[in-house]
Amino acid sequence: MARPLGAVRLKRTNSITLIIGAATFIFIFFFFFFSPSSQTVNQSTQNSAKRSSKGIPAKAPPVTVYNLNNVTITNDPVTHRESILILTPMTRFYQEYWNNLMKLSYPHELITLGFILPKTKEGNAATAALQKQVIKTQKGPEKDRFQGVTILRQDFDPVLSSQDESVRHKLEHQKARRAVMAKARNSLLFTTLGASTSWVLWLDADIVETPPTLIQDLALHDKPIIAPNCFQRFINPETGKLDERGYDFNNWQDSETAQKLAAEMGPDDVLFEGYAEMATYRTLMARVSDGGDIHTEMPIDGVGGTTLLVKADVHRDGAMFPPFAFYHLIETEGFAKMAKRLGWQATGLPNYKVYHYNE
Ligand code: GDP
Ligand code: MN
């Protein structure tokens, strides 16, 4: 009884060994004769779609040469068909912002849009609302369509859970808040600036009213960096009537007081504008407007980002938004300083107004 069992066991062992042996042989056979060389592996993984079934190498990936000298940046960008990139960091979606954007008379086929939104509940809602409008526009009449749209979700958290004006404007929140906004602007800029971009228009998500000719009007000045005056409409409680007031205090001319304050600060300290605790006595463009000629210019040392037209060359030279104390300035104000160190002067238009949403 023991033998037949043993014989059976032997037989089973044999067939298992045979199967394993055959499988190993087949594996080795295929490994040696059919496995591609490492060179082909590289090509096939990178370019598999372009390989013919006969294994003939595909066309090499294209090399594109751009001559940046041919990208014109002139005071008549429509005639020269210059591409403009409109960049908007966004925490909330305002329909008025989109409506105003749609009304811009600069040819939409020369405009590329870029957005960056935080990955918060509020940011998700804004992304959904934005996407809805983008789809509607890009499927709509051809003259309304933009050249392209990029929507980025930022990979770092905002500092404040509440974006309400009373909370976000507290002085103690400014350094961290402005640092995050600087990073958002940099991420947006560095992922969207293209080889054929002539101009970058920074336009905040809560800018709800500008002249339709905004881009042409600002470009006409032929300045490397130019800011209109950002105002806000409100009901004046004293008169009960619709009135307006300066909003963006980051467009300013420097003062000796501010310079002195900065000189006494620690290396990581930042000056903020518009706070009584830190009176700078700078000349604020928001206070300079006199209702005169809309093309009146003034040189400025600090800029805000609410509405700001920048020649793409300024950014290409390396001017970005420092998320740290740069000459005791941060974000857009730091950007103006960095641009200045690169040889580019900012200009303000005190009488050319754009309007910020009134929460
Ligand atoms: P204020 O007008 O000076 O009070 O500044 P805002 O809070 O309006 O911010 C300026 C712009 O940056 C607006 O377009 C905001 O939607 C946007 N923004 C503010 N905080 C963040 C943020 O954490 N992430 C992103 N992506 N955008 C932000
Ligand atoms: Mn704002």
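Histidine 356 counts as buried, at 4% relative accessibility, where buried means under 20% relative accessible area, exposed over 50% and partly exposed in between (1.4 Å probe, protein chains only). Its NE2 atom is one of the donors to the manganese ion (ligand 2). This is a predicted model, in which local features need pLDDT of at least 70, side-chain atom pairs count only at pLDDT 80 or more, and totals for chains, interfaces and linings use all residues. Residues are numbered from 1 along each chain as its sequence is written, chains are lettered from A and ligands numbered from 1 in the order in which they are written, and side-chain values use heavy atoms, with hydrogens and water left out.

**Metal site**

- The manganese ion (ligand 2) is coordinated by Asp206 (OD) and His356 (NE2), at 2.1 to 2.2 Å.
- The pair lies 150 residues apart and links distant parts of the chain: aspartate 206 is in the loop between strand E4 (197-203) and strand E5 (207-209), and histidine 356 is in strand E12 (residues 346-356).
- Donors are N, O and S atoms within 2.8 Å of the metal (3.2 Å for Na, K and Ca); water is not among the atoms, so sites may look incomplete.
- Aspartate 206 also counts as buried, at 14% relative accessibility.

**The chain as a whole**

- The protein chain has ten helices and twelve strands; helices (H or I, at least four residues) and strands (E, at least two) are DSSP runs, numbered from the N terminus.
- Of its 359 residues, 43% count as buried.
- Among contacts (heavy atoms within 4.5 Å) between residues at least 6 apart in sequence, 77% join residues at least 24 apart.
- The chain exposes about 19700 Å², and carbon and sulfur atoms supply 57% of that area; accessible areas come from the Shrake-Rupley method with a 1.4 Å probe, and for residues only the protein chains shown count as cover.

- The largest pocket holds about 940 Å³ of space.
- Of the 42 residues that line the largest pocket, the closest to its centre are Arg168, His169, Arg177, Met181 and Tyr247.
- A pocket is an open set of points on a 1 Å grid over the protein atoms alone, where a 1.4 Å probe fits, with protein on both sides within 12 Å along at least five of seven lines; lining residues have an atom within 4 Å of a point.
- Grid points are joined across faces, edges and corners, and a volume is the space filled by probe spheres set on the points.
- H6 gives the largest share of the lining of the largest pocket, seven residues.
- The second largest pocket has a volume of about 200 Å³.
- Of the 14 residues lining the second largest pocket, Asp254, Gln259, Tyr327, Leu329 and Lys337 are the closest to its centre.

**Individual residues**

- Asparagine 250 sits in the loop between strand E7 (242-246) and strand E8 (252-253) and is buried, with a relative accessible area of 14%.
- Leaving aside neighbours within four places in sequence, asparagine 250 is in contact with Arg178, Glu273, Gly302, Val303, Gly304, Thr332 and Glu333.
- Arginine 81 is not a glycine but has a positive phi of about 50 degrees; arginine 81 lies in the loop between helix H2 (38-47) and strand E1 (83-89) and is partly exposed, at 47% relative accessible area.
- Tyrosine 281 has a positive phi near 55 degrees and is exposed, with a relative accessible area of 63%.
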